[in-house]
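Thanks for making the time this morning. I would like to walk through one model with you, starting with its open spaces and then turning to its core, its helix and a few single residues.

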Amino acid sequence: MNEKPRIGWREWVGLPDFEVPALKAKIDTGARTSSLHALDPEPFSDRGMTYVRFMLLPVQEKLIFGRVVTAPVVDRRRVTDSGGHWQERYVIHLNVVLGARTLPMEVTLANRREMRFRMLLGRQALQAVIVDPAESYLLKKSSEQKNFLGQVRAEVLGSREGIR
């Protein structure tokens, strides 16, 4: 029997579709849909399909790790936040690496600049796991995540050592 992995209220995830090995995500069972930080989403059409181009900043306040990415638009939805305010958001399909699993999910694009986490995983994406709200970072980092975070740390600290 394949047991569901236990995860904490925050975890490191990977976004292989955008070549981002590590991104801090908040696990939010109160939110229905997952959300990703996206600056300046810009829709465009190509061969009859609608896409959205946006700036993805996986590391807060470090533009050096930012990149412009493109994804097909699946939908536009009205999303209501916890304060009762709504906004129209683009929805994309995204593969998210969570521990040893890759989970395909729908993700809305939102400006999360003032939030502590660049991604929020909502309950639709969490059906394959068990959430332990008393714990953090229960999943082991992959070697790719460790290398990326070492680069981030070296940039932040101005050091070439990275993390060990």
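Predicted model: local features only at pLDDT ≥ 70, side-chain atom pairs only at ≥ 80, totals over all residues.

How much space lies in the largest pocket? About 660 Å³ lies there, where a pocket, on a 1 Å grid over the protein atoms alone, is an open set of points with protein on both sides within 12 Å along at least five of seven lines, and a cavity is a set of points where a 1.4 Å probe fits but cannot get out. Grid points are joined across faces, edges and corners, and a volume is the space filled by probe spheres set on the points.

Residues are numbered from 1 along each chain as its sequence is written, and side-chain values use heavy atoms, with hydrogens and water left out.

Returning to the largest pocket, 26 residues line it, and T80, D81, S82, R89 and R112 are the closest to its centre; a lining residue is one with an atom within 4 Å of a point. The elements giving two or more residues to this lining are β4 (34-37), β8 (75-80), β9 (86-98) and β10 (101-110), with helices (H or I, at least four residues) and strands (E, at least two) taken as DSSP runs numbered from the N terminus. The largest share, four residues, comes from β8. By type, the lining divides into seven nonpolar, ten polar and nine charged residues, where Ala, Val, Leu, Ile, Met, Phe, Trp, Tyr, Cys and Pro count as nonpolar, Asp, Glu, Lys and Arg as charged, and the others, Gly among them, as polar.

In soluble globular proteins, nonpolar side chains tend to be buried together.

If we leave aside neighbours within four places in sequence, F54 is in contact (heavy atoms within 4.5 Å) with a list of residues including F18, L36, H37, D40, V69, I92 and L109. H37 itself sits in strand β4 and counts as buried because its relative accessibility is 0%, the cut-offs being under 20% for buried, over 50% for exposed and in between for partly exposed, with a 1.4 Å probe and protein chains only.

What about the helix α1, residues 143-157? Its 15 residues should span 21 Å at 1.5 Å a residue, and its end C-alpha atoms are 21 Å apart, which agrees; the expected span is 1.5 Å times one less than the number of residues. Q145, F148, L149, G150, V152 and A154 are buried in α1, and the buried residues of this helix pack against β2 (10-15) and β3 (20-27). Just after α1, G158 takes a positive phi of about 70°.

That leads to backbone angles elsewhere. Most residues other than glycine have a negative phi, and most peptide bonds are trans. E19, in the loop between β2 and β3, has a positive phi near 55° and is exposed, with a relative accessible area of 65%. D40, in strand β5 (residues 39-46), has a positive phi near 50° and is likewise exposed, at 64% relative accessible area.

Finally, G66 lies in the loop between β6 and β7 and counts as partly exposed because its relative accessibility is 21%. G66 and V20 are 46 residues apart in sequence, and their C-alpha atoms are 9.7 Å apart in space.
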